[in-house]
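Thanks for sending this one over. Here are some notes to read with the model open beside you, point by point.

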Amino acid sequence: MTTQPIVREFEADLKVVAAVEAATDVVTLTLAAEDGSALPPWTPGAHIDLVLGEDLVRQYSLCGSPADTGSYRVGVLRAPDSRGGSKAVHAELHEGATVRVRGPRNHFPLVAAPRYLFIAGGIGITPMLPMIAEAEASGADWRLVYGGRSRASMAFVDELAAYGDKVTLLPQDEAGFPDLDALLGSPEEGTLVYTCGPTGLLDAVEERCAASWPAGSLHLERFSAKAPAEGEEDSAFELVLQRSGRTLQVPADKSIFEVCREAGVSVVGSCLEGVCGTCETEVVEGDVEHRDSILNEEEKESNEFMMICVSRCRGESLTLDL
Amino acid sequence: MRDRSTGYPRNAWYALAASGEVGGTPFGTRALDTPVVLFRISDGSIVALGDRDAHRPYPLSLGHVDGDTIVSGYSGFAYDRTGACVRVPSQAQVPYGARVPSYPVVEEGDLVWVWLGEPSLASLRHPVSTPWLTDAAWETFGGEWETAAGVGLLHDNFADITHVAVVDPVISPPALAGVAPALEVELTETTVHFHRDWPAAPLPEWQAKVSGTPTTASYPQREEGAFLAPGLWADRWDVLVPAEDGGTQTFRFTHAVTPVDERHTRHIWRVSRNFAPGAEASDALRPIFESYYLKVREILETMQQVIDRDGYGEDVNVAADLAALQVRKILRRLVADEG
């Protein structure tokens with residue numbers, strides 16, 4: 001008799017108790033259990049999945065307070081190039097509606113540090129709000145540079161006003177793009193850089209930090225997958241599942257995640273494009289070709305964990321703790 | 001070889017004591033490698049201070065409580081609830097800046113939660129509620145002691161109960177004798193829940209006896225475990241007895257674990273039940289559970305000795321370890337976040 005364990009994330013139908021327009025095209029939703037019971041705790045940088053339909057699952061950062069155990073708050077931008085997620089949120093999730101929520105999970109945790117530089121672009125402000133509250137409470141020295149298309153498009157400006165000149169607002173139509181060379185030109189020992197926003201901003205910040213900042217300084221979160229690097233070709237390899245005592249073959253056209261699912265091995269996954277971190281798995285042996293957008297260079301080199309939805313094996317065999 | 005120890009986060013609420021342990025007599029303890037004294041002041045609230053007189057290296061817990069202050073049993077220095085020294089016997093002027101650390105305290109659900117991490121973050125987190133420990137619908141007994149083993153070994157133990165049948169065949173429900181059904185694990189960012197639905201089996205003899213349920217009948221049973229915080233497990237065992245035979249019999253097992261240091265853990269355990277009320281049943285049940293938890297303590301202490309002697313090994317994990325591995329993952333991350 002097989003006794004393969006089943007693993008999944010917390011899931012619940014939550015009620016939209018408030019839906020408020022926070023800026024042009026941005027709605028903030030407050031979600032709570034129908035019976036008011038406590039929701040799973042979380043820490044700054046965490047996100048949840050909103051299950052908006054079959055094959056329509058989107059990740060949104062929690063932007064309320066972790067001290068509020070009764071509700072979750074998310075901010076959702078109606079993206080002009082929406083693949084359906086944000087459009088569905090804006091069209092359907094009015095006050096009183098119900099939505100399936102999964103998580104929370106966190107691959108953008110706030111690591112304790114004496115100083116922080118937060119760089120937010122547009123809706124990328126959402127994970128920064130609880131981070132800032134925590135940095136402020138812990139007495140850290142911090143500043144936030146927050147860019148957006150226009151003042152009217154920038155959510156949570158009123159909440160940020162309380163922090164005074166620690167916050168620099170840069171509406172693009174008034175002030176242009178953030179001057180990243182000036183912001184990141186001289187690396188500071190002990191400062192952590194946190195950034196979230198459009199891919200262009202993240203790539204630019206990443207490039208500058210990689211050039212001169214100490215390894216591990218930069219923390220970023222992507223909600224869309226990074227473009228694949230040139231010359232990444234998929235090949236087949238052998239997959240050994242240590243705990244289950246099984247060996248599977250991963251063909252070139254399938255992911256580890258898919259092969260495990262088909263073989264009846266319970267693995268947990270969500271975005272399946274290497275951005276949400278749900279499928280993180282411990283590597284026992286083998287050379288991993290990391291293709292996710294979550295692990296930083298140091299973590300990738302350590303070869304301890306991998307995202308099995310997109311990452312593969314460079315050699316002929318890979319052993320995982322599954 | 002990888003370091004298999006996970007350590008423990010400091011930025012978390014830990015239950016340093018049960019409510020009943022703290023009164024007008026100072027209660028000295030140690031948590032996260034820090035000496036702490038707990039005492040109750042006139043309004044009934046509990047104060048947590050560093051357990052070391054600012055004047056000489058002498059524990060305040062060996063002194064006494066005087067009104068809303070605690071007085072050192074050597075220097076006679078008195079400290080208020082904020083840890084500030086407010087009186088010294090030898091001079092009128094209180095030495096400037098003389099104080100001991102004070103820590104945020106929340107007393108809830110029969111547990112005394114203390115925050116020893118970054119003080120300003122305490123208000124951004126809540127201790128986990130354990131309302132069943134004080135709810136009249138649940139009858140609770142328990143104990144508390146120190147286990148000479150790192151907290152990680154206690155987490156691993158609570159994350160999987162399939163060892164119970166091996167460790168203590170008397171307490172073990174007959175259901176455990178069969179092959180374990182699939183473990184279902186549910187994750188959030190900082191918690192791990194798991195459960196198994198066991199096929200119908202008789203009650204263990206001792207449970208049938210206290211509840212007056214026939215030993216011959218079989219009932220489906222459900223096991224649940226929950227790692228709710230770095231310092232708290234809340235597990236339960238449900239025997240689905242039909243209403244006409246008295247209804248579902250549930251045990252809730254609460255384990256508050258506080259790292260004393262890398263190799264020692266304070267363990268407050270509570271067993272709550274929603275059936276067979278009364279002191280007589282409690283008196284019959286207590287020795288059964290106490291003897292099991294003592295056996296577990298002895299085993300975990302032996303494991304710690306093996307680690308101390310021979311280091312962490314490449315332990316072989318099995319399917320049933322899934323929850324334990326997820327707990328380790330959460331703890332590793334929380335520790336890493338503390339920089």
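**Notes on the model**

1. Let's begin with chain B, which contains 5 helices and 18 strands. Its radius of gyration is 22 Å, close to the 20 Å that the globule rule gives for 339 residues, so chain B is as compact as a globular protein of that length. Please keep in mind throughout that this is a predicted model.

2. The C-alpha trace spans about 75 × 50 × 35 Å along its principal axes. Of the 339 residues in chain B, 44% are buried. Among contacts in chain B with a separation of 6 or more, 56% are between residues 24 or more positions apart.

3. Which residues have the most contacts inside the largest nonpolar core? They are B:Leu16, B:Leu38, B:Ala48, B:Val112, B:Val114 and B:Ala323, in a core of 75 residues. Helix H5 (residues 322-337) of chain B provides the largest share of this core, with 7 residues. Domain 1 (13-124) and domain 2 (131-337) of chain B both give residues to this core, so the core lies between them. Another core, of 57 residues, lies apart from it and includes A:Leu29, A:Tyr60, A:Val99 and A:Ile125.

4. Leaving out residues up to four places away in sequence, B:Ala48 touches B:Val36, B:Leu38, B:Ser102, B:Tyr103, B:Val105 and B:Val114. Two of these neighbours, B:Leu38 and B:Val114, are also named among the residues with the most contacts inside the 75-residue core.

5. Now for the two domains. Chain B is divided into domain 1 (13-124) and domain 2 (131-337), and their C-alpha centres lie 33 Å apart. Their contact takes 13 residues from domain 1 of chain B and 13 residues from domain 2 of chain B. On the side of domain 1 that touches domain 2, strand E1 (13-18) and strand E2 (27-31) of chain B each supply at least two residues. E1(B) gives the most to that side, with 5 residues. By class, this side of domain 1 has 8 nonpolar, 2 polar and 3 charged residues.

6. Strand E11 (residues 111-115) of chain B deserves a careful look.

7. What does E11(B) pair with? One partner is E1(B), in the antiparallel sense over 5 bridges, where B:Tyr14 has B:Val114 as its bridge partner. Strand E10 (residues 105-108) of chain B also pairs with E11(B) in the antiparallel sense, over 4 bridges, and here B:Glu108 stands opposite B:Leu111. E10(B) and E11(B) form a hairpin with 2 residues between them. In the turn, B:Gly109 has a positive phi of about 55°.

8. There is also an open sheet of 4 strands in chain B, in the order E5-E6-E7-E8, with antiparallel pairing. Its edge strands are strand E5 (64-66) and strand E8 (85-87) of chain B, each pairing on one side only. Strand E6 (residues 69-71) and strand E7 (residues 78-79) of chain B pair over 2 bridges, with B:Val71 opposite B:Ala78.

9. Last, the interface between the chains. Here 33 residues of chain A are in contact with 29 residues of chain B. On the chain A side, strand E1 (6-9), strand E7 (98-105) and helix H2 (128-137) of chain A each give two or more residues. E1(A) provides the largest share of that side, 4 residues. The chain A side has 18 nonpolar, 9 polar and 6 charged residues.

10. A strand pairing also links the two chains. E1(A) and strand E13 (residues 184-187) of chain B pair in the parallel sense over 4 bridges. To find the place, look for A:Ile6, which stands opposite B:Glu184 in E13(B).

Note on methods. Residues numbered from 1 in each chain as written. Chains lettered and ligands numbered in written order. Predicted model: local features only at pLDDT ≥ 70, side-chain atom pairs only at ≥ 80, totals over all residues. Rg over C-alpha atoms; globule rule 2.2 N^0.38 Å. Buried ≥ 20, exposed ≤ 12 C-beta atoms within 10 Å, placed from the backbone. Contact = placed C-beta atoms within 7 Å. Core = buried A, V, L, I, M, F, W, Y, C linked by C-beta atoms within 7 Å. Domains from an automatic or database assignment. Nonpolar A, V, L, I, M, F, W, Y, C, P; charged D, E, K, R; others polar. Pairing = 2+ DSSP bridges.
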